[in-house]
Amino acid sequence: MEREREKMESGKSELRMAMEELCLLSSSDVEDQQQEEEQQQQQRSSTMDLLCVSKQLLHVLDEIGPTLLVLRQDIQQNIQRLEDLHARDSSKYASLTAIVTGEVEEGISKKTNSCTRATIWLSRSMNFSLHLLERLMKNPEKSLKEMVEEAYKITLKPFHGWISSAAYRVALELIPDREIFIQLLMGNCQDPEDFAGDVMIFVAIVQPLLEEVNTILVKHKLDRLKST
């Protein structure tokens, strides 16, 4: 309720709020923006960025309703695991690279409850979301179900075992219509053209974060890790 009230009062979509929480949009002038970018470059925390984006994804899933409950629970658990580790030492675990490298050295990166696995699945869920958002904007003739299937096939299916795949097939049958989904994302506070622009900006903002995650996973041969 508080989240919905905040969105209504600010007149912003979930994506616009996500971008602002990532501190990558600013209404200040160019000079101030350049100073902020320099500071951000020095202080950037990829761990906090991934947590921020993942929490925004939860808000989107909450808007859709119980359709993707299994996915929501999985994301929430991974967020909590990563948050708990970051809270222990925010400086030491500021970067995802430090987290993954540390667990690889300890020999626990592949364990079920590792933060490396949490990072892997949060980034995969976000990658799925980006593919879906891009398809929403580029393929106005396709149904949401078709686009979800396409995004799933590319981003999540290669890493899902039979249990996860079965849960996905059930969720697919309950997905809302395309128009309803877009309206849920936009709320009643945004013009469709502005929303389309926000989608493309959001994709451009989050992509470097996913590339950072993928680079460290490939380095330690963890990028093909599968679920049950």
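# Reading helix packing in a predicted model

Reply: Helix α8 and helix α9 run roughly antiparallel to each other (axis angles over 145 degrees; under 35 is roughly parallel, 65 to 115 roughly perpendicular, and the rest oblique). The model is predicted, so local features need pLDDT of at least 70 and side-chain atom pairs pLDDT 80 or more, whereas totals for chains, interfaces and linings use all residues. Residues are numbered from 1 along each chain as its sequence is written, and side-chain values use heavy atoms, without hydrogens and water.

Me: How many helices and strands does the secondary structure of the protein come to?

Reply: There are 11 helices and 0 strands, where helices are DSSP runs of H or I with at least four residues and strands are E runs of at least two, numbered from the N terminus. The pattern along the sequence is accordingly α-α-α-α-α-α-α-α-α-α-α. Of the 228 residues in the protein, 43% are buried (under 20% relative accessible area; exposed is over 50%, partly exposed in between; 1.4 Å probe, protein chains only). Contacts (heavy atoms within 4.5 Å) between residues at least 6 apart in sequence join residues at least 24 apart in 71% of cases.

Me: At what angle do the axes of α8 and α9 cross?

Reply: Two packed helices are described by the angle between their axes and by the distance between those axes. The axes of α8 (residues 144-155) and α9 (residues 162-172) cross at roughly 165° and come within 11 Å. Here an axis is a line fitted to C-alpha atoms, for helices over the stretch in contact, and the angle runs from 0 to 180 degrees between N-to-C directions. From α8, the contact involves Lys 145, Val 148, Glu 149 and Tyr 152, and from α9, Ser 164, Ser 165, Tyr 168 and Leu 172. These residues comprise 4 nonpolar, 2 polar and 2 charged. Nonpolar covers Ala, Val, Leu, Ile, Met, Phe, Trp, Tyr, Cys and Pro, charged covers Asp, Glu, Lys and Arg, and the others, Gly among them, are polar.

Me: Which residues form the aromatic pair?

Reply: A pair of aromatic rings is described by the distance of the centres and the angle of the planes. The structure holds 1 aromatic pair (rings of Phe, Tyr or Trp, with its six-membered ring, whose centres lie within 6.5 Å). Tyr 152 and Tyr 168 form that pair, at 3.5 Å centre to centre and with 5° between the planes, and the pair is stacked (planes under 30 degrees apart; over 60 is edge-to-face, the rest tilted). Because Tyr 152 belongs to helix α8 and Tyr 168 to helix α9, the pair ties together parts 16 residues apart in sequence. Both Tyr 152 and Tyr 168 are buried.

Me: Which residues of α5 and α7 meet?

Reply: Helix α5 (residues 69-88) packs against helix α7 (residues 115-138) with the axes 9 Å apart and an angle of about 135°. This makes α5 oblique to α7. The crossing of α5 past α7 is left-handed. On the α5 side are Leu 71, Asp 74, Ile 75, Asn 78, Ile 79, Arg 81, Leu 82 and Leu 85, which meet Cys 115, Ala 118, Thr 119, Trp 121, Leu 122 and Ser 125 in α7. The contact of α5 with α7 has 9 nonpolar, 3 polar and 2 charged residues.

Me: How do α7 and α11 cross, left-handed or right-handed?

Reply: α7 passes α11 in a left-handed crossing. Their axes come within 9 Å and cross at roughly 150°, and α7 and α11 are therefore roughly antiparallel. Residues of α7 in this contact include Ser 123, Met 126 and Leu 130, while those of α11 include Phe 202, Leu 210 and Val 213. The division is 15 nonpolar, 5 polar and 2 charged.

Me: What is Ser 123 in contact with, beyond its neighbours within four places in sequence?

Reply: Ser 123, in helix α7, is in contact with Leu 50, Leu 210 and Val 213 when those neighbours are left aside. Ser 123 counts as buried because its relative accessibility is 8%.

Me: Where is Phe 202 placed?

Reply: Phe 202 is in helix α11 (residues 192-219). Phe 202 is buried, at a relative accessible area of 4%. From C-alpha to C-alpha, Phe 202 lies 8.4 Å from Leu 130, although the two are 72 residues apart in sequence.

Me: Is Lys 221 buried or exposed?

Reply: Lys 221 counts as exposed, at 73% relative accessibility. Lys 221 lies in the segment after α11, and its phi is near 55°, a positive value in a residue other than glycine.

Terms used:
A crossing is left-handed if the near helix is turned anticlockwise from the far one by less than a right angle, and right-handed if clockwise.
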